[in-house]
Amino acid sequence: YELRLSGYKTATTELSVIAGQTAHGNVTLEEAYFTIAGLNLRMMKIAPGSFNLGSASGGDDDERLVTRVTLTQGFWLGATEVTQAQWSAIMGTSPANFKGANLPVEQVSWTEAMEFCRKLNDRERAAGRLPAGYEYTLPTEAQWEYACRAGTTGDYAGSLDAMAWYEANSSNTPHPVGQKQANPWCLYDMHGNVWEW
């Protein structure tokens, strides 16, 4: 049997059923995501694991050294890039050159991105929605690449054309988030659209 419930990973179990009798079984459901209240920002649960950081076949010189990395703790990552509407809800303004509520926010510095996280933390703590010991922050390089690869081993987590807006298909403009195919861990726009912190 397969059990699907919104917000949880699909659970599968086997039961032996005897004709005319009732079968009972236990299934443990694991959260797959939650949505930040008032932002419509879905956070996906990323389980711990190991992967090869870097690529021998491409990228800049500092990316060609392939290193085996193990992440011992899971984390949550936004399913899409932060939109201008989400940014504005926290920061009050949008610095983006390309305007649109569902477009990813761009033209923000690392410092501004961290200020967004700080303000989001303050808001969520004040509302009692952020458990002790948790905080919203930018992912480390290893966390981001691990989530981007999503258990795959190539330079991309699938077909670049299917998954990404990039130089060859974007007309040099950002596109609304979540329009292309997600990677295997339900994360969108990990390749392309706009640069990410």
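Arginine 118 and aspartate 122 both sit in helix H2. Four residues separate them, about one turn of the helix. The model is a predicted one. In it, the two side chains form a salt bridge, with the closest N and O atoms 2.7 Å apart. Side chains of opposite charge can pair when their charged atoms come close.

Arginine 118 has another partner. Its side chain also meets that of glutamate 115 in a salt bridge, at 2.6 Å from N to O. Glutamate 115 and arginine 118 are three residues apart, again about one turn of the helix. Both belong to helix H2, which covers residues 110-126. Taken together, Glu115, Arg118 and Asp122 are linked in a network of salt bridges.

Now move on to arginine 123. This residue forms a salt bridge with glutamate 124, and the closest N and O atoms are 2.9 Å apart. Here the two partners fall into separate classes. Arginine 123 is partly exposed, at 26% relative accessibility. Glutamate 124 has a relative accessible area of 2%, so it is buried, because the cut-off for buried is under 20%. How many salt bridges does the count give? It comes to five.

Step back to the chain. The protein chain holds four helices and seven strands. What order do they follow from the N terminus? The elements run β-β-β-β-β-β-β-α-α-α-α.

The chain has 197 residues, and buried ones make up 34% of them. Its accessible surface comes to about 12100 Å². Carbon and sulfur atoms account for 50% of that surface. Contacts tell of the fold as well. Take the contacts in the chain with a separation of 6 or more: residues 24 or more positions apart account for 53% of them.

Valine 194 gives a local view of such contacts. Its place is in the segment after helix H4, which spans 160-163. At 16% relative accessibility, valine 194 counts as buried. Which residues does valine 194 touch, leaving aside its neighbours within four places in sequence? The contacts are Glu81, Pro104, Val105, Glu106 and Pro174. Valine 194 and tryptophan 165 are 29 residues apart in sequence. In space, their C-alpha atoms are 8.5 Å apart.

Last comes the empty space inside. Rolling a probe the size of a water molecule over the atoms shows where empty space is left. How many cavities of 30 Å³ or more does a search of the whole structure find? The search finds one. The largest cavity holds about 30 Å³ of space.

Which residues line the largest cavity? Met163 is one of them. Gln181, Ala182 and Asn183 are also in the lining. Leu187, Tyr188, Asp189, Met190 and His191 complete the list. By class, the lining has five nonpolar, three polar and one charged residues.

Notes. Residues are numbered from 1 along each chain as its sequence is written. This is a predicted model: local features need pLDDT of at least 70, side-chain atom pairs count only at pLDDT 80 or more; totals for chains, interfaces and linings use all residues. Side-chain values use heavy atoms; hydrogens and water are left out. A salt bridge is a side-chain nitrogen of Lys or Arg within 4 Å of a carboxyl oxygen of Asp or Glu. Helices (H or I, at least four residues) and strands (E, at least two) are DSSP runs, numbered from the N terminus. Buried means under 20% relative accessible area, exposed over 50%, partly exposed in between (1.4 Å probe, protein chains only). On a 1 Å grid over the protein atoms alone, a cavity is a set of points where a 1.4 Å probe fits but cannot get out, and a pocket is an open set with protein on both sides within 12 Å along at least five of seven lines; lining residues have an atom within 4 Å of a point. Grid points are joined across faces, edges and corners, and a volume is the space filled by probe spheres set on the points. Ala, Val, Leu, Ile, Met, Phe, Trp, Tyr, Cys and Pro count as nonpolar, Asp, Glu, Lys and Arg as charged, and the others, Gly among them, as polar. Contact means heavy atoms within 4.5 Å. Accessible areas come from the Shrake-Rupley method with a 1.4 Å probe; for residues, only the protein chains shown count as cover.
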